[in-house]
Amino acid sequence: MLQFDLWKRVLIWLVVATGLLLAMPNLFYERVETRNDAVATIEREGATPRLEAEAGLWPSWLPSGIVNLGLDLRGGAHLLAEVQVGDVYESRMESLWPEMRDALRDERDTVGTIRLQPSAPDELRVRISEPDGMARALQVARGLARPVTSLAGTGAQDLEVRGEGDEIVVTLSEAEKRATDDRTVRQALEIIRRRIDEVGTREPTIQRQGAERILIQVPGIGSAAELKEIIGTTALLTFQPVVSRNADPGEPPGIGNEILPSLDEEGVFYNLESAPVVTGEELVDAQPAFDQNGRPAVNFRFNPTGARKFGDYTAQNIGNPFAIVLDGEVISAPVIQSHIPGGSGIITGDFTVEESTNLAVLLRAGALPAGLEFLEERTIGPELGADSIEAGRIATMVAFAAVLVFMGLSYGLFGLFANVALILNIGLIFGLLSLIGATLTLPGIAGIVLTVGMAVDANVLVFERIREELRTAKGPARAIELGYEKALSAIVDANITTFITALILYVMGSGPVRGFAITLGLGILTSVFTAIFVTRLLVVMWFERRRPKTLEV
C-alpha cells in the first residue's frame with residue numbers, strides 16, 4: 001500500500017495539474033473585466049465563454065474556458081411567454097382556401113360558383129350557388145382531410161366538414177388542435193432557442209412550462225425589453241399576389257384580401273391576396289449581401305417544395321406584380337419579368353448593413369409559428385448578482401476555514417495533508433466546471449459549500465481507522481496500510497449512494513436543482529480522487545522521507 005509506482009505518482013500529479021490549469025482562467029477572467037472592459041468582450045462569444053487572447057494575461061495556447069455565471073449571480077432577463085396557438089388555427093384556415101377553391105372548381109357543374117364567406121378565425125366558410133350539389137361538395141371537401149400527425153398516433157382526421165344551408169363549414173378537429181398546440185409550442189421553443197443562440201448569448205434557460213407557456217432566462221442581457229426585442233421580432237416572410245397598388249386603407253379589401261403598408265414608401269398601401277404563394281418557412285438559407293447598385297440586401301434560397309411553388313407561380317404570372325412582405329409590411333412589389341426556376345432571389349430595400357445582417361439572422365432562425373404574450377418579465381440587475389456572489393464567496397470561505405481549522409486541530413500533520421487535498425479538490429471542481437462549460441448558480445455554490453464539508457469525510461474515516469490500528473500496537477507503516485485498506489469500502493459505498501442521489505436530482509430536476517446536482521456530483525468525484533489518491537500519496541511521500549518510529553494522528 002505504501003509503495004507507489006513512479007507512473008502512478010506521475011499520473012496523479014498530472015491529473016491534479018490538468019485540473020488546476022483548467023480552473024486558472026477563472027482567476028484571470030475577473031482581472032480582465034476589471035482592468036480593461038474593452039478587452040473583456042466575452043459576453044457574446046458563444047455557449048462557452050473564453051478569455052480574450054489580446055488581454056495578454058493568459059496565453060492563447062492554454063485552455064481558456066471559464067465557468068458561466070447564472071442569472072441569479074450575473075444578472076439578466078427573465079420572461080414567461082404564452083404561445084397564442086389560436087393564431088395557427090387562423091393561418092391554417094387561410095392557407096386551406098386556395099386548396100379548397102381549386103378542388104371545387106373541378107366540380108363547378110355540380111356545385112355552381114363558389115365564394116369565400118366571412119367566418120370566425122378558426123373556421124372556413126365557402127358558399128356554393130347550387131345547394132343541390134352540397135353532398136358532392138362535402139365529399140370533395142372531406143377529401144382534403146389528412147390523418148392527424150402527432151406522437152399519439154390517433155388516426156383521426158385533421159378536418160371536420162359540415163354543411164349549413166348553402167355553405168360548407170370547415171374546422172380543425174379536436175385531435176388536430178391538440179396536435180397543433182403541441183407542435184406549435186415545440187416549434188416556438190426551438191425557434192426562440194435558435195434566435196437567442198444566433199446573437200451569441202451564452203447559457204440561456206429555455207424550457208416549456210405547462211401546455212402553452214415557455215420560460216426564458218438569459219444571463220448577462222441588459223434588460224427584459226432587449227430580450228423581448230430579440231424574441232418578439234417575427235421575421236415572417238411571405239410572397240403574396242398583388243391585387244392593386246395605392247389601395248385606400250379605409251376601404252374594405254375584399255374577401256380573401258388584405259391591405260398592407262409599404263415599408264419604404266410612406267402613405268403607400270397595397271391590396272394583396274391573404275394566401276401567400278410561398279412563406280419564409282420554406283426558406284433554407286438567407287445571407288446578407290449587396291445588390292447590383294451596392295446597397296445592402298439579403299439573398300435567400302427556398303427548399304425544393306418552395307422552389308417548385310415559386311417557379312410555377314412566376315412562370316404563370318409573367319408581367320404581373322407580386323409583393324415581398326416582411327412582418328406585415330411590403331418590402332417591394334416587383335413585376336415578374338421571367339420564369340424564376342432556381343428557387344433563389346434577393347430582397348432589396350432601404351436597409352443598412354446592420355439591418356440586412358439582422359434580417360438574414362432572423363430569416364435563418366425562422367418565423368415564430370404564433371404570437372407570444374409575455375405574462376411575466378423581470379430584469380435582474382448585476383448589483384443583485386454581485387451581492388449573491390459575495391454572499392456565496394463568504395459562505396464558502398467560512399466553511400473552508402472552519403474545515404481547515406478542525407482538521408488541523410484534530411489530526412495534526414495528517415490534517416494538514418487533508419487540508420492540502422481539500423484545496424486541490426476545490427480547484428479540480430472548478431476545472432471540471434470550466435471544461436464542460438457549466439453554469440454556476442446560487443444552488444451550485446450551495447453544492448460546492450456542501451462538498452467542502454463532505455470532502456474530508458473520507459480522510460476522517462481513514463485517519464480514525466489508522467488510530468484504531470495504532471492502538472493494537474502495529475507499526476506506523478502497517479497502521480497506515482491497514483487504515484486505507486479497511487476504510488476504502490466504506491468510502492466507496494458512501495460516495496456511490498450520494499452520487500446516485502445527485503444523478504437522480506440532475507435527471508429529474510431542472511434549473512436550480514440541476515445546478516446543485518452538477519456541483520455536488522463533480523464534488524463527489526473529485527473528493528474521492530483527492531482522498532484516496534492525493535492524500536495517500538502525500539502521506540507516503542512524507543513517510544518515505546522521515547521514516548518515523550512512532551505515529552501520532
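Trainee: Is N246 buried or exposed?
Mentor: First, keep in mind that this is a predicted model. Exposed means over 50% relative accessible area. N246 comes out at 53%, so it counts as exposed.

Trainee: And where does N246 lie?
Mentor: In the loop between β9 (237-245) and β10 (257-261). Now look at the backbone. Most residues other than glycine have a negative phi. N246 isn't a glycine, yet its phi is positive, about 55°.

Trainee: On to sheets: in what order do the 4 strands of the open sheet run?
Mentor: Strands of a sheet pair through backbone hydrogen bonds, either parallel or antiparallel. Here the order is β7-β8-β2-β18, with antiparallel pairing. At the edges sit β7 (205-209) and β18 (372-380), each pairing on one side only. On average, neighbouring strands are turned by 15° against each other, ignoring direction.

Trainee: How many bridges link β2 and β8?
Mentor: There are 7, between β2 (residues 76-83) and β8 (residues 213-219).

Trainee: Last one: which helix gives the most to the nonpolar patch?
Mentor: A patch residue needs over 30% relative accessible area. The patch covers about 1,000 Å², and its members include L488, F499, Y506 and L525. Helix α14 (residues 476-508) gives the most, with 10 residues. L525, by contrast, lies in helix α15 (residues 512-546). With a relative accessible area of 47%, L525 is partly exposed.

Methods. Residues are numbered from 1 along each chain as its sequence is written. This is a predicted model: local features need pLDDT of at least 70, side-chain atom pairs count only at pLDDT 80 or more; totals for chains, interfaces and linings use all residues. Side-chain values use heavy atoms; hydrogens and water are left out. Patches are made of residues with over 30% relative accessible area and no salt bridge: like charges are joined within 9 Å, nonpolar side chains (Val, Leu, Ile, Met, Phe, Trp, Tyr) within 5 Å. Accessible areas come from the Shrake-Rupley method with a 1.4 Å probe; for residues, only the protein chains shown count as cover. A salt bridge is a side-chain nitrogen of Lys or Arg within 4 Å of a carboxyl oxygen of Asp or Glu. Helices (H or I, at least four residues) and strands (E, at least two) are DSSP runs, numbered from the N terminus. Buried means under 20% relative accessible area, exposed over 50%, partly exposed in between (1.4 Å probe, protein chains only). Two strands pair if DSSP finds at least two bridges between them. Axes are lines fitted to C-alpha atoms, for helices over the stretch in contact, and angles run from 0 to 180 degrees between N-to-C directions.
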